[in-house]
Structure formats: C-alpha cells, structure tokens
Amino acid sequence: MTAPDTPEPRDPSATGGTPGGPPAPAAENAPPAENAPDTASGSDTASGSAAPTDAPAPTDAPAPAGAPTGSTDPTDDSTDFVDADRGLVAAPAHPTITAADDPGRVVWDFGSTAFLGGDCPDTAHPSLWRQSQLCARAGLYEVTDGVHQIRGYDLSNMTLIEGERGVIVVDPLVSAECSAAGLALYRDHLGDRPVTGVVYTHSHLDHFGGVLGVISAADDVPIVAPEGFLAHSVSENVYAGTAMLRRGTYYSGSNLERGPAGLIGMGLGFTASTGSTGLLPPTLEIRHTGQEETIDGVRFRFQMTPGTEAPSEMNFLLPERRALCMAENATHNLHNILTLRGAQVRDARIWSRYLTEAIELFTHDAEVLFASHHWPTWGKDDLRRFLSEQRDLYAYLHDQTLRLTNQGRTGPEIAELIELPPVLARAWHTRGYYGSVSHNVKAVYQRYMGWYDGNPSSLWEHPPTESAKRYVDCVGGPDAVLEKAGRYVDEGDLRFAAQLLRHAVFAAPDSAAARELLATVYEKLAYGAENATWRNCYLTGADELRHGIKPTIIGAGSLAGALTVGQLFDSLAIRVDGPRAWDHSVTLGWTFTDLGELYRMTLRNGVLTHTRSTLPVDDTDLALTLTRPQLLALLAHAAASPDPPDLSGVRHTGDPAVLATLLSVLDTPDPDFAIVTP
C-alpha cells in the first residue's frame, strides 16, 4: 500500500517532528513545572512549563498515517515555548467560566486542553500538536512594563495597558464573560484599576465581542477603532453572519469533542468561547498612518492597514513602552487570505507591503512585538526577522500565484505547484496551522480571476445534487461508486476517494454505507492534517455524516444595538424573499425623533430600498414616528412572533397593514443548513 495522499502533500511547512514541550497549567489546581525559567527577569521564580532549552529540533520521525512528510530545522526549537511562558504573573483563578445568564452553562473550560500535556497521538499531526500545546497556555502575562496580556481565555488575546488613572483594554475577546474574568484576574494581582479606554484593532468578532464584560454602554470612556470598523463588522457578522457562523462550526470545530481524536485547536488559539457577545460603537476613529492619540496618559502611534487580515485593521506602537502591537497582521502561523468560514478575499500584496511599512516605521523603536493571538517576540533583531519573514510569506504566495496564473494555470493547479522558499519553510511561524498554502493560493487566484476557470464547460454546470446523480450513473450506480472509492482508500488516495464519495452521498443521501465510508475518509484526512481548520472541517463533516447536524452554538449575539438605522434596514433588505414580494408595492416613511433622521423606504419588484432624506417624508402608505429603540423592539417582535407588530406605542399615519406586509415577506435565515449532505 502506498502512503496515503494528504491535504497538502507539497506544503513544506509540514513536519514529522515531535512536540517541543507540554502546555502550561490550564487551571489553578494544575501544578506548574518546577524551575521553569522566567526569561523576562532572568530569574526562575515564575511558574509555567517552558520546554528546556535543549529541547530537540523537529526530526523526520514517522508522522501519523495520512500526514504530510517533511522536516524543519529551526535554530532553537524551545524558543517558542520559552516565549509562550515568559512573564507569567498568574494562572486562571477558576477552572471554568460560566454564562452570565445561566451559571450552569460553561462558556470556557480551562481543563479542556489538559490532554495536550501528553505525547502526540497517531490521531494528530505532530507539528499541529506542538502548536496546540503552545496555544493552550492560559493566564495573565507581562509583556513589558505596564503592558499585560490575558491569554488562553478565548480564541484571542486581551491586552491591558496601564495608564495614569486606569487600564486601557485592547481587543476584549469574544465573550463578555471571558473578558470580565480576564479583567478580574488582572485586578486580583495588579490592582483594582478602572477601565479608561478600549481599543479595537480590527473588525472581527473575537476582538470586540466581549466589550460589555469590561465596560458598559453608560461608561464615558473612549472606544478607539480604525476607520470603517463598524461598517465592516456589520457586513461580516450581520449581512452574511448566518452563513459564516454555520460554516464557522466546521472550521472552528466548535461541536467536536475536545481530545486527541477531536478538537485539538484552531492554530490561532484553542477555540472560541460561547458566552454573550455585543458591540459598542467606536467614539474615536483612526484615519491615517502616523496619527497619534493619548489615552489615559498613554501615547499611541497608529498604522492603518486596511485590506490585510481584516478590511478595517490597524497596528500601533507604544513609544514610551517600546512595544509594538501587530493586531492580527503578524502571528505565529500562516494566516488566511480567505478564511474557510467565508469573508472578503484579502489582499496578500497590500498585506506584505503594510508589513514592510511596519518594519520601516516601528522596528527601530520597538523592543517587543505582541499581537492579538499567540505569544510575543522579544528583541529588536528577532522581531525584525519575524516581521520580514511574515512579509515575505504573503508576498511570495501572491507573486508566485500570479506568475503561474499568467502561464495559464488555474487556482487548484497552482496550489499543487507552489512550495515555500527554504528559509520560510524552516520557520515555525510560517506554518499552515490556520491558513494554508493550498487554500491561500486559491484565494489569491480568486481575488484576481474570480470563480470561472476559463473553461467553457464550467459556465453552466449542474448544481451539486444533479451533478452527483449523473456522475454516479456514469460510474455504474451507488454500489459501483462505493467499490471504486474503497479501492482508492486502500491505495492511499484519500483525496479522490473523498471527491468520489461526495457524489455518492449527494446522489443517494440515505445510503448509510456511503455516508460511513466518506466519514471514515474525512477522519483519516483530519488525522494527517497539519492545518487545524482543515482538520476541524474534516472531523465536523465526519460527525455530521454519522450523527446529523448539531445546532450552531456560536452566535454573533446582540450586535443590533450598535447598528445604524441604515444598517438595520440593509439587514432587512437581505432577508426579503424576492418571489414572495414581487406583487407588493408599498412605501413607508420613518422619522426617528431621537436621531433627527428621516428615511423613505420602498418595497417594489421584490427589492427593499431605503434612502435618507433631509425633508419630511410624504406620499407614503404608512408613516411612522419613533425612536431607534422602538425600531429595535419592532424588529425583535417580528423575529420572535408571527403576529402583526403592535404599533400602539408608535405614532403613525396611514395603513398599519403595510408594515405587516413588509414583515411577511422576510425570509428566516437557517443557522443549521446542510453542508456535507444535500
């Protein structure tokens, strides 16, 4: 039997090496390693479990079945483990974090990563196991004087910067419960300082969702964000939020059992918490590179980086602390040009150029680099090398993809051809734990060329189920497909077995044999994947084939409170069922007394349009005078009940049935739609 084919057979970031060391203690009842070095102070008083300095470099030891093979030779395999444990102030105070509205529901369990303290099993890629061990560290860490981080309390990090009167919170995690627990840990050990400012580095949920755990809507503190933050946060989490969250259950592995055969992490962190999320709008926008703002006596110098890891993102330097925050633009893995949950395709070219700009702007003045995920990098030379290699990583993928595109190659073809240069291939922080060379190359191709590969046969293909029926018929029926797929599995060609069995399942979704064989193939591909999100997608697909769809447990939460009226109306327009609305033609006028805003809304030809007006809206079928909170209440009622909305508290003229007509043609998003079955 030949070696099984793999998700990324040419990905030179793969390794068959052994993990560099165990994870740090995850809860207070887990004993720290003895004599773990505190390299921040030169003493050995800090608790933790850094790998010994003579930890072995990766080798060509046998990898798990189905794993990519290869080797790396970093200068010092223990560096990441030493850095990940450096500056530990305190481990988590409690073993779990529970929901604010239901103390019986756990939203974060520190003990769920305890299994990573063991040796790498044959159900995981050794390199991914190593990364997961590093991401499992949890607690309060000192980055430099006056700058601390909460790590391992969620998918992302929360940074706490001490000012003259209090503490400035940067990126308050996914959930309010987790950010509140992290802030409490800081206050328990470093003083009960008030929150005097909040900074969102970019427009992704794991960097603002927990804001209500550190401040309330009534707090008078500056909330700083890059220009366009609110629009892009809404675009991703509301407009396409249902589909992204459903697909997110695959790439995050949120419904998988935590353990060696299930979820071992996401590469970027362990996973996302499942507490309450929210959003408070920014009060101060950063609009240009070089802009400086002083918050609670702390000077920030910003760099705008739109179109990189997020469409709205920024880095910043703390000049007096000589500390550089790279947001999510430079982390200890290859990131995504297009995340598997879906998003706008990112610009690898501009990403690399902003990294060059960061090197030129900041590295002369910085002694430590930290980010919104993973662990910091200390030392001017090391952080400059780290940024340079990250820059070259995205530039290489961009330029080589276009070089081969201009030779007539398509995205899938290019993904099989590109290998990273040796220097990049040897660096741990360029590995494909979260993004991958394979799907990033396809994303670069998509950004420039779109979905069409140039072959006319691709213009009008049948949809998946109809194509599957015809492929299965060509092969000779479902039994023949299973027989041939089994042969490919035996020969180690798991990739084609998955392609073939996908057709079998879509053509005959009730075939238990087809579902089970495809689940088995997905499982084998998962155990050999170095990329965490690929692993999670494969394992979630296998689980749903065997056990059916589980509810999506991660939600965007109550973001509606931060949306503008225009964004709220946009979210309604997206839900209009066009065919059901074809025959309706109604006009509504909206006057918001608390905002001083007027809108004209029309439903016609299955399209809901709205425009803001400077004059009173007349000639409408229904005119409503209300406040924005009343609008939110109307929409909440419509979402929860089929009954007509109650307008008794809203001033209105015209026919109230018009609003009921509008609400009656709104579709209800399905947060649990099928993916691996028709």
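**Salt bridges and a buried loop**

Modeller: Start with Arg-546 and Glu-523, whose side chains meet in a salt bridge at 3.1 Å, N to O. A salt bridge here is a side-chain nitrogen of Lys or Arg within 4 Å of a carboxyl oxygen of Asp or Glu.

Biologist: Where do Arg-546 and Glu-523 sit in the chain?

Modeller: Arg-546 is in helix α15 and Glu-523 in helix α14, 23 residues apart, so the pair links distant parts of the chain. Helices (H or I, at least four residues) and strands (E, at least two) are DSSP runs, numbered from the N terminus.

Biologist: What are we looking at, and how are residues numbered?

Modeller: This is a predicted model, where local features need pLDDT of at least 70 and side-chain atom pairs count only at pLDDT 80 or more, while totals for chains, interfaces and linings use all residues. Residues are numbered from 1 along each chain as its sequence is written, and side-chain values use heavy atoms, with hydrogens and water left out.

Biologist: Is Arg-546 buried, partly exposed or exposed?

Modeller: Arg-546 is partly exposed, at 31% relative accessible area. Glu-523 is also partly exposed, at 23%. The cut-offs: buried is under 20% relative accessible area, exposed is over 50%, partly exposed is in between (1.4 Å probe, protein chains only).

Biologist: How many salt bridges does the structure hold?

Modeller: The structure holds 25. One of them is Glu-530 with Arg-431, closest N and O atoms 3.0 Å apart. Glu-530 lies in the loop between α14 (512-527) and α15 (532-547), and Arg-431 in the loop between α9 and α10, so the pair ties together parts 99 residues apart in sequence.

Biologist: Are Glu-530 and Arg-431 buried or exposed?

Modeller: Glu-530 is buried at 3% relative accessibility. Arg-431 is buried at 0%.

Biologist: Now Thr-430. Where is that?

Modeller: Thr-430 is in the loop between α9 (422-425) and α10 (437-449). Thr-430 is buried, at 0% relative accessible area.

Biologist: What does the side chain of Thr-430 reach?

Modeller: The side chain of Thr-430 reaches the backbone oxygen of Leu-424 at 2.5 Å.

Biologist: Switching to strands. Which residue does Arg-612 form a salt bridge with?

Modeller: Glu-597, with the closest N and O atoms 3.5 Å apart. Arg-612 is in strand β19 (residues 607-613) and Glu-597 in strand β18 (residues 597-604), 15 residues apart. Arg-612 is exposed at 55% relative accessibility, whereas Glu-597 is buried at 15%.

Biologist: Which residues do shared partners join into one network?

Modeller: Glu-292, Arg-299, Arg-301 and Glu-320, through salt bridges.

Note on methods:
Polar contact = N/O pair within 3.5 Å; in protein donor to acceptor, adjacent residues only side chain to side chain.
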